[in-house]
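Here is a short briefing to read beside the sequence and the model. Keep both in view and find each residue as it comes up.

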Amino acid sequence: MSKVRVLVGTRKGAFILTSDGKREKWDVSGPHFAGWEIYHMKGSPVDPNRLYASQTSGWFGQVIQRSSDGGKTWETPGGEAMPTPGSMPAGASNKFVYDVSAETGKPLTTHQWYDGTQHPWEFKRVWHLEPSLTEAETVYAGVEDAALFKSTDGAKSWHEVSGLRGHGTGPKWQPGAGGMCLHTIVLDRSNPQRMFIAISAAGAFRTDDGGKTWKPINQGLRSQYIPDPNAEIGHCVHRIAMHPSRPGVLFMQKHWDVMRSDNAGDLWQEVSGNLPTDFGFVIDVHAHEPETIYVVPIKSDGEHFPIDGKLRVYRSRSGGNEWEPLTKGLPQSDCYVNVLRDAMAVDSLDSCGVYFGTTGGQVYCSADAGDSWAPIVHDLPAVLSVEVQTIA
Amino acid sequence: MIQVILPAHLRTLARVDGEVTVDVQGQATLRSVLDALEAQYPVLRGTIRDHVTLQRRPFLRFFACQEDLSLEPPDTPLPDAVVRGAEPFMIIGAIAGG
């Protein structure tokens with residue numbers, strides 16, 4: 001019987017929640033890396049026991065953790081003691097150095113700061129880890145200050161995919177309130193050369209040649225909070241989702257506005273429709289119904305909690321515009337949590353499971369595609385990310 | 001051998017209990033002690049000093065013999081008591097919060 005493994009990153013450690021296909025009884029493991037912020041954990045589609053985790057701290061910086069047994073044990077790749085004193089280290093899994101070499105990309109040293117001046121690019125943390133769809137040892141990292149890194153040795157060493165920062169608009173990128181982070185990486189199973197990424201607050205970008213060159217894909221986005229609402233870059237994209245069977249169709253939760261594109265991001269149209277508010281962070285797609293999508297509306301950019309204290313997931317079965325609230329099992333009074341951008345995921349069991357985590361420490365599961373919900377846990381530290389693995 | 005006291009989170013990361021000891025070749029300075037520490041525990045590279053600039057991370061401080069050595073140049077010799085192993089070299093995380 002299939003089982004699911006839910007990987008939860010929180011402000012104070014990582015937790016792994018496992019259940020059989022019924023998704024009623026759960027085992028909770030953790031905290032792993034207690035006391036550290038775990039921005040993201042994700043498993044390899046090639047080898048489900050290979051997990052990668054981004055462990056970070058304002059004091060001690062970035063650490064990358066790796067598991068080869070589904071999260072039972074962890075290692076810091078390349079962090080082993082050196083065989084002989086003075087010999088070269090095996091790797092440096094937490095070493096993210098921006099590429100400024102003219103040979104590999106256009107050197108870039110500054111981006112736009114909040115006040116419009118230029119500011120040096122400074123590595124702060126890894127927001128998102130995206131394992132390759134075909135190689136267990138290959139993984140991408142989206143980092144703050146915004147850049148894309150790639151490892152082909154199981155996260156032992158990282159090299160910047162420098163064409164992204166160097167494509168031309170980099171010096172105009174500007175941080176959002178949460179920093180200038182590359183938080184979304186979407187790989188295309190049908191086209192290994194194509195990849196989508198999103199940056200707050202620069203917007204969405206696409207490569208069609210494996211990362212050598214990139215183009216902004218923000219046409220159709222409209223953001224009232226920037227000087228030119230229709231600018232090529234500067235949009236605060238919160239999350240992009242894609243169904244693997246239709247890689248040309250993208251769904252986006254922008255700062256405000258829920259958007260869709262039917263041409264791989266070349267043009268976006270708003271599909272907020274009847275949502276009570278179209279501000280939010282997460283968006284995801286049903287595992288078997290490519291036109292069924294989920295968002296969690298949040299009141300506003302100034303009030304990061306659900307409207308009227310009612311935690312509601314909204315589902316559209318028509319790819320947007322027409323939305324229905326999903327409330328069964330979710331608190332409908334006095335609930336003032338947030339659901340952050342990486343904190344929703346779906347499993348691929350026959351009855352699609354939907355999961356999300358809150359800043360109040362709850363992780364909710366719906367085993368019936370959103371019709372009803374139940375908390376798996378309700379007292380974790382604030383949840384930063386949720387991923388799920390469906391394991392045969 | 002020089003005794004080094006690490007913050008709790010770095011002890012966990014390095015998988016050690018209590019204080020650690022490092023053997024420094026040549027003169028014991030801030031730089032050489034940290035070099036030896038990172039050679040012995042490579043997982044600590046980047047967590048105390050920046051990988052590239054080797055600058056101390058802002059929320060960490062270095063103390064020994066009741067002196068704050070955090071702002072001293074990296075080649076500053078450590079006090080004799082530290083070199084003799086009578087006093088530890090302490091890496092302290094900033095205490096913050098409310």
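Begin with two strands of chain A: β2 (residues 13–20) and β3 (residues 27–32) pair in the antiparallel sense over 4 bridges. Keep in mind that this is a predicted model.

- β2(A) and β3(A) form a hairpin, with 6 residues between the two strands.
- The turn holds A:R23, which has a positive phi of about 60°.
- Which residue of β3(A) is the bridge partner of A:A14? The partner is A:H32.

**The sheet β4-β5-β6**

- In chain A, 3 strands form an open sheet in the order β4-β5-β6, with antiparallel pairing.
- β4 (37–43) and β6 of chain A are the edge strands; each has a single partner strand, so one side of each lacks a neighbour in the sheet.
- From one strand to the next, the twist averages 15°.
- β4(A) pairs with strand β5 (residues 51–57) of chain A over 6 bridges, in the antiparallel sense.
- Within this pair, A:E37 stands opposite A:T56 of β5(A).

**The sheet β17-β18-β19-β20**

- Another open sheet of chain A is formed by 4 strands in the order β17-β18-β19-β20, and its pairing is antiparallel.
- Strand β19 (residues 258–261) of chain A and β20(A) run antiparallel and share 2 bridges.
- Here A:R260 faces A:Q269 in β20(A), standing opposite that residue.

- Strand β23 of chain A covers residues 313–316.
- A:V313 and A:R315 point one way from this strand, while A:Y314 and A:S316 point the other way.
- Are these residues buried or exposed? All are buried.
- Strand β22 (residues 293–295) of chain A is joined to β23(A) by 3 bridges, and the two run antiparallel.
- The bridge partner of A:Y294 in β23(A) is A:R315.
- β23(A) is also joined by 3 bridges to strand β24 (residues 324–326) of chain A, again antiparallel.
- In β24(A), A:L326 is the bridge partner of A:V313.

**A loop residue: A:H304**

- A:H304 lies in the loop between β22 and β23 of chain A.
- A:H304 has 17 other C-beta atoms within 10 Å, so this residue counts as partly exposed. The cut-offs are 20 or more for buried and 12 or fewer for exposed.
- Leaving out residues up to four places away in sequence, A:H304 touches A:I298 and A:N338.
- How far apart are A:H304 and A:E37 in space? They are 20 Å apart, C-alpha to C-alpha, and 267 residues apart in sequence.

**Chain A as a whole**

- Chain A has 0 helices and 29 strands.
- The C-alpha trace of chain A spans about 60 × 50 × 40 Å along its principal axes.
- A compact globule with 392 residues would have a radius of gyration near 21 Å; chain A has 20 Å, which agrees.
- Of the 392 residues in chain A, 52% are buried.
- Take the contacts in chain A between residues at least 6 apart in sequence: 50% of them join residues at least 24 apart.

**The nonpolar core**

- The largest nonpolar core has 133 residues.
- Which residues have the most contacts inside this core? They are A:I240 and A:Y355.
- Strand β14 (residues 195–200) of chain A gives the most to this core, with 5 residues.
- Beyond its neighbours within four places in sequence, A:Y355 has contacts that include A:V6, A:M344, A:V363, A:C365 and A:V388.

**Where chain A meets chain B**

- The contact takes 21 residues from chain A and 17 residues from chain B.
- On the chain A side, the largest share comes from strand β6 (residues 61–67), with 3 residues.
- By class, this side of chain A has 10 nonpolar, 9 polar and 2 charged residues.

Technical notes
Residues numbered from 1 in each chain as written. Chains lettered and ligands numbered in written order. Predicted model: local features only at pLDDT ≥ 70, side-chain atom pairs only at ≥ 80, totals over all residues. Contact = placed C-beta atoms within 7 Å. Nonpolar A, V, L, I, M, F, W, Y, C, P; charged D, E, K, R; others polar. Pairing = 2+ DSSP bridges. Rg over C-alpha atoms; globule rule 2.2 N^0.38 Å. Core = buried A, V, L, I, M, F, W, Y, C linked by C-beta atoms within 7 Å. Axes fitted to C-alpha atoms, helices over the stretch in contact; angles between N-to-C directions.
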